[in-house]
Amino acid sequence: TALTNQLRQQLPPSVRFLNVDEVRHADVVKSFNLSQLPAFILVRQGVELGHREGIRTWTDVAFLAELV
């Protein structure tokens, strides 16, 4: 998506993006207790640093760039 591309430009190349399909990876969605999609979750070495659900605009996700 456009938001994903914009976020990729703001984050270092070491940050990987994984697309998780809610049907095929229902256990992952459940493990993060997500109630709204799309969602962005920032994880470092298995520890969640932050997440945001129901992403619609850049301001919804811009804070993730500050966490890295």
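## The largest pocket

The largest pocket has a volume of about 970 Å³, and the structure in which it is found is a predicted model, so that every value given here is computed from that model. Rolling a probe the size of a water molecule over the atoms shows where empty space is left.

Which residues lie nearest the centre of this pocket? Of the 30 residues that line the largest pocket, those nearest its centre are Phe-17, Leu-18, Ala-39, Phe-40 and Ile-41. When the lining is sorted by class, 21 of its residues are nonpolar, five are polar and four are charged.

Several elements contribute to this lining, and at least two residues each are supplied by α1 (2-10), α2 (26-31) and β1 (39-44). The largest share of the lining comes from β1, which provides six residues.

Pro-38 is joined to Leu-37 by a cis peptide bond, for which omega is about 5 degrees.

Asn-33 has a phi near 55 degrees, which is a positive value in a residue other than glycine. Is Asn-33 buried or exposed? With a relative accessible area of 64%, Asn-33 is exposed, because a residue counts as exposed when this value is over 50%.

Although Gln-45 is not a glycine, its phi is positive, at about 50 degrees. The relative accessible area of Gln-45 is 80%, and because the cut-off for exposed residues is over 50%, Gln-45 is described as exposed.

Val-47, Leu-49 and Leu-67 make a nonpolar surface patch of about 220 Å². One of these residues, Val-47, has its place in strand β2, which covers residues 47-53.

## Helix α1 and distances across the chain

Helix α1 includes Thr-4 and Gln-6, and their accessibility can be described for each in turn. Thr-4 counts as buried, because its relative accessibility is 11% and the cut-off for buried residues is under 20%. Gln-6, on the other hand, has a relative accessible area of 32% and is therefore partly exposed, since this value lies between the limits of 20% and 50%.

For Gln-6 and Arg-52, the separation in sequence is 46 residues, while the distance in space is 16 Å from C-alpha to C-alpha.

## The loop between α1 and α2

Val-20 is found in the loop between α1 and α2. Its relative accessible area is 42%, so Val-20 is partly exposed, as the value falls between the limits of 20% and 50%. Val-20 and Val-61 are 41 residues apart in sequence, and the distance between them in space, taken from C-alpha to C-alpha, is 17 Å.

Technical notes: Residues numbered from 1 in each chain as written. Predicted model: local features only at pLDDT ≥ 70, side-chain atom pairs only at ≥ 80, totals over all residues. Heavy atoms only, no water. Patch = residues over 30% accessible without salt bridge, like charges linked within 9 Å, V, L, I, M, F, W, Y side chains within 5 Å. Areas by Shrake-Rupley, 256 points an atom, 1.4 Å probe, with all protein chains shown as cover. Salt bridge = Lys/Arg side-chain N within 4 Å of Asp/Glu carboxyl O. Helix = DSSP H or I, 4+ residues; strand = E, 2+ residues; numbered from the N terminus. 1 Å grid on protein atoms, 1.4 Å probe; cavity = no way out; pocket = protein on both sides within 12 Å on 5 of 7 lines; lining within 4 Å. Points joined across faces, edges and corners; volume = space filled by probe spheres on them. Nonpolar A, V, L, I, M, F, W, Y, C, P; charged D, E, K, R; others polar. Buried < 20%, exposed > 50% of the residue type's maximum accessible area, 1.4 Å probe, protein only.
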